[in-house]
There are 2 protein chains.
Amino acid sequence: MILSSLEIVLVRPETPRNVGSVARAGRNFGVERICIVGSPALLQDGAARATAHGAEEILDRIRFCADLEEALSTHVFAVGTANRVRKGKLPPLEMPHALVPELAEASRSGGCALVFGPESRGLTDVELGRCTRLLRLPTEVDQPSLNLSQAVLLTLQECWRAAKGWSQALPPGVPETASAFMEPGGSLPTFSEFDLLLGKLEGLMERTGFRPYAGDPESFRMAARRSLSRGRFERRDLRTLLTIAKTLERLPKPRSEG
Amino acid sequence: MILSSLEIVLVRPETPRNVGSVARAGRNFGVERICIVGSPALLQDGAARATAHGAEEILDRIRFCADLEEALSTHVFAVGTANRVRKGKLPPLEMPHALVPELAEASRSGGCALVFGPESRGLTDVELGRCTRLLRLPTEVDQPSLNLSQAVLLTLQECWRAAKGWSQALPPGVPETASAFMEPGGSLPTFSEFDLLLGKLEGLMERTGFRPYAGDPESFRMAARRSLSRGRFERRDLRTLLTIAKTLERLPKPRSEG
């Protein structure tokens, strides 16, 4: 695990005090990059600074983005956090021992986002659908859910321990397994490269008259994203797929039926 | 690990919001007993309730004690938390993987306290000296230290995982080992039984003219406590020692030299 590849992405956080606590937790476990999807105005009342306690400089370096798409664009892997799945199209929720080894491998290839939703409602299905994998932190009860900064802390501890070579804590009945995410030396495509492919595929499909958008414009994209993420493509695989898509674009457009 | 044997003991907490967060973390990981060494006035402004979020009933059941001695009296085991040791007389700081199995065994015998100090300075040496074992939660940096409720959360997660049969996360180079704390079916003495023995020993030593108290009245007691805690006495062992002490008390008192 390369801790310096990790970025904590807070989507529309509601409580400045939590942002300060997240910065402090980041300092505690060596993850010093935070991105907020939202407005810098959130931090203007000084409440975040009051809880940052020794991690104020992390607050000063926070990156602000307009939406999750922008936040993820240059990353190669994103872990979304949730305590219950709401839609069949989304990837399954995985526990830390299953997901952290993959994250560790991805962190050798490029930036990785740890994505946390707003305190009151968590990430939307569309936002969860943008992530490569979904993490559930197992607890005794799901309600109350973990506080935002507590969820960040537990996630960072897992990452930090992986970085320091600790063994994984495994639930009963789970054997120690080796993960084989990608070949040594392989590199992962970024989210924006991935979106380029998705856009081209959608364009090609539209030419055939395919209209997946009626009623639920994000639905096809979520399903496509899920399928392609499961393939665990390296960057070179994505380049091949892009070449295919670009070639198909040269096909003559069908004449409009109308 | 019997989670219902565990009690979170907060010594002179300074921030009501943290107490609320501790209650929520307790709920998340199935530890619903909190004791505060301090005054109930701390919770009167409603700030604790604001962060408890679904764990308000735990706040309503908080036990208040005047000092740590009272808080521990009926417990059989106490884990003190610190991020650096300040005195040679104290037990060494141990990491969760070393300490949690012992705590799990003790929890089958009686109440066990997880003791956390005030936000600003942590537990005093005297308070740390009262605990059976000392826990350090390993992090990237010691400063800023973990926030109080964050430290509680990480400790509770370790306990919860042990209760659910998870394997221990081990730092690199640490082999999996079996602990042999006490015989099956053995039971541990409570802190007040322990203090009874200590008091008798001190009384006997004073008769001989021993005066350990000059300058540092708690110093001998801390050293004695440390020695006796390392012995890992079960309750029946302590009874034997008490019998010895009571017998020695029948010895004639030496005539005063003055």
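## Close-up views of a predicted two-chain model

**View 1. The copies meet through the same surface, because 100% of the interface residues of chain B are also interface residues in chain A.** In this predicted model, local features need pLDDT of at least 70 and side-chain atom pairs count only at pLDDT 80 or more, while totals for chains, interfaces and linings use all residues. Residues are numbered from 1 along each chain as its sequence is written, chains are lettered from A and ligands numbered from 1 in the order in which they are written, and side-chain values use heavy atoms, with hydrogens and water left out. Here 39 residues of chain B are in contact with 39 residues of chain A, contact meaning heavy atoms within 4.5 Å. Together the two chains bury about 3,400 Å², 52% of it on carbon and sulfur atoms; buried area is the accessible area (1.4 Å probe) that two parts lose on being put together, summed over both.

**View 2. A salt bridge joins R161(A) to E158(B).** The closest N and O atoms of R161(A) and E158(B) are 2.9 Å apart. The rule (a side-chain nitrogen of Lys or Arg within 4 Å of a carboxyl oxygen of Asp or Glu) finds four salt bridges across the interface of chain B and chain A. On the side of chain B that touches chain A, the elements giving two or more residues are α1 (16-28) and α7 (148-163), taken from DSSP runs (helices H or I, at least four residues; strands E, at least two) numbered from the N terminus. The largest share of that side, eight residues, comes from α7(B).

**View 3. Chain B superposes on chain A by a rotation of 180°.** In chain B, the C-alpha nearest the axis belongs to A169(B), 2.2 Å from it.

**View 4. E94(B) sits in strand β5 (residues 93-94) of chain B.** Setting aside neighbours within four places in sequence, E94(B) is in contact with L99(B), R133(B), L134(B), L135(B) and R136(B).

Notes:
Least-squares fit on C-alpha atoms with pLDDT ≥ 70 in both.
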